[in-house]
Amino acid sequence: MRVNLDAPLPTGGKAVVDIDWSFVVPEGGNNNRGVREQVKDGWIYEIAQWFPRAAVYDDVTGWQNDPFLGQGEFYLNFGNYDVSITVPHDHIVRSSGTLRNPLQVLTPTQRTRLATAMAGDTSVFIVRPNEVATTGARPAGTGPLTWRFTAENVRDFAWASSKTFVWDAAGFRYTPVGRTIELHSVYPREAMPLWSDISTKAIAQTMRSYGRMAFEYPYPQASNVNGQVGGMEYPMIAFCGGRPGADGTYSKNQEYALAAVTIHEVGHNWFPMIVATDERKWTWMDEGVNTFLEYYSSLDYDKNWPAARLRGPAPNIVDYMKDADQVPLMTESDFVHRQFGNNGYSKPATGLVMLREKVLGPERFDLAFQEYARKWMFKHPQPADFFRTLASGAGERLDYFWRGWFYSTYSNDQAITKVESQDAQTYAGTTKRGKFYHRVTAENKGGLVLPLELEIEYADGTKERVKMPAEVWRNNEKAHDYGFFSDKEIAKVTADPDQGYADVDRTNNTFTKGATTRPIG
Ligand SMILES: [Zn+2]
């Protein structure tokens, strides 16, 4: 909708717009973000994307008017919200922001339990399972109750309401004397014990891991709601699916699934809720960057998290890198016509893991990444801002990496095609630097240019690692000769020995010395 103002709005000026609207809560449907669901004890209402708001006007696009089609999510302004939600007497409400009238909507017992929960860091039931939908769990009276929440500096506001909610909560502090961040989980009884065991614990893990790698969570609370929405993020509140089996038990894989979705959706508070990228255009900037942090947070949660279940390890992206129909990451969100998960989530996350673990090393990467995250808090960074801030913070040109991984669909295929050795005395007139002079020929058969990492295995069984930066391909991007002296004879040379660079054809990565070896000259 376009609203014409009576007069142009000057910089720093103010216009007030009153809008009457209504919102029908959808029931079911795979692609609904806000939805109502009937469970054993009643209905759960997850309310999101429910009010009209202003499009973003920025100094890159002007008015960002791209419509919401589903894949390209949101591009939103920051604002302060004061929201009063009137619901049936027996409902419990969680939302973005801070509850402002606990005296009116919580019982004295619940307020005491909340204070106990916030004083510690272990989860306390605010509404116990056996109290769900009982009169004792609600203040006296029968009429509708109005819950008032305020949220500052958020780019959206979502909430959930139900009489079916069990509610557990815990406090979280970055330092023992730091401010308390409230962690809340609400879920129906059939979500137990999976949710009561895992949800709040996984929110706390998100606080720790994302706080370490990006910045400390600036908001007062984080909530996780179980309902029909499989996984969706809003400021300070996430909607996550996943329940145990009918017999009330859950497997390790169900735990991983709930921990993963919780870490992911709560993690979205950092990207894009606070580092507020344009999701209508660039899925990788929120889903990719968030999935990158989810990877480390998952391993912090459980160091034995199965690699096959993670998005981040290079071997897991190889099949997609071979896909002839993939589109570059720098494709606007709604034009990614297939493999949206691999394109928007896995490939960018894997690229950043590669950049951190292999190209730059954690020490330099982490400083550069923190610089990006902190510098763009509560702002609207563009892809170029990300690329520039990381390269500048890392102190290294990364043009080749951005170009290859983000702007192209090339894959990486390094091959060791030749190993030649000769007597050092003959070659160099001395054996001072070693008895042999070896020359390893590496060829770059894929389109990507990446560092060249070799494992050299000698005839005596010892091994050595050589790591060369991507710049070795600068003058010839197809082949590079690496020559060196050694006292030992070479038995085998392997490129990308740790499978860290998503090499799509490993049959040519290892050269075993034998009949094909010939002397130089
Ligand atoms: Zn996501």
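How much space lies in the largest cavity? I looked this up first. About 50 Å³ lies there.

**Ground rules.** I am working on a predicted model, where local features need pLDDT of at least 70, side-chain atom pairs count only at pLDDT 80 or more, and totals for chains, interfaces and linings use all residues. I number residues from 1 along each chain as its sequence is written, and side-chain values use heavy atoms, with hydrogens and water left out.

**Cavity.** I found 1 cavity of 30 Å³ or more in the structure. On a 1 Å grid over the protein atoms alone, a cavity is a set of points where a 1.4 Å probe fits but cannot get out. A pocket is an open set with protein on both sides within 12 Å along at least five of seven lines. Lining residues have an atom within 4 Å of a point. Volume is the space filled by probe spheres set on the points, and grid points are joined across faces, edges and corners.

I listed the lining of the largest cavity: Asp90, Ile92, Val127, Glu131, Val132, Ala133, Thr134, Ala137, Arg138 and Lys163. I sorted this lining into 5 nonpolar, 1 polar and 4 charged residues. Nonpolar covers Ala, Val, Leu, Ile, Met, Phe, Trp, Tyr, Cys and Pro; charged covers Asp, Glu, Lys and Arg; the others, Gly among them, are polar.

**Largest pocket.** I read a volume of about 1800 Å³ for the largest pocket. Its lining has 37 residues, and Pro52, Arg53, Ala54, Ala55 and Asn77 lie nearest the centre. Strand E5 (residues 79–87) gives the most to this lining, with 5 residues. Helices (H or I, at least four residues) and strands (E, at least two) are DSSP runs, numbered from the N terminus. The lining splits into 24 nonpolar, 7 polar and 6 charged residues.

**Second largest pocket.** I noted about 520 Å³ of space here. The second largest pocket has 34 lining residues, with Gly231, His264, Glu265, Glu287 and Tyr345 nearest its centre. At least two lining residues come from each of E14 (231–234), H4 (252–267), H6 and H8 (340–360). I counted the classes as 11 nonpolar, 13 polar and 10 charged.

**H6 against H10.** At what angle do H6 and H10 pack? I got about 50° between H6 (residues 283–301) and H10 (residues 383–394), with the axes 10 Å apart. H6 is therefore oblique to H10. Angles under 35 degrees count as roughly parallel, over 145 as roughly antiparallel, 65 to 115 as roughly perpendicular and the rest as oblique. Axes are lines fitted to C-alpha atoms, for helices over the stretch in contact, and angles run from 0 to 180 degrees between N-to-C directions.

Trp284, Met285 and Val289 of H6 meet Pro383, Phe386 and Phe387 of H10. Contact means heavy atoms within 4.5 Å. I sorted the residues of this contact into 6 nonpolar, no polar and no charged.

**Met236.** Is methionine 236 buried or exposed? I scored methionine 236 as buried because its relative accessible area is 1%. Buried means under 20%, exposed over 50%, partly exposed in between (1.4 Å probe, protein chains only). Methionine 236 sits in the loop between E14 and strand E15 (237–240). Leaving out residues up to four places away in sequence, I saw methionine 236 touch residues including Ser95, Tyr217 and Asn269.

**Gln254.** I placed glutamine 254 in helix H4. Glutamine 254 counts as partly exposed, at 27% relative accessibility.
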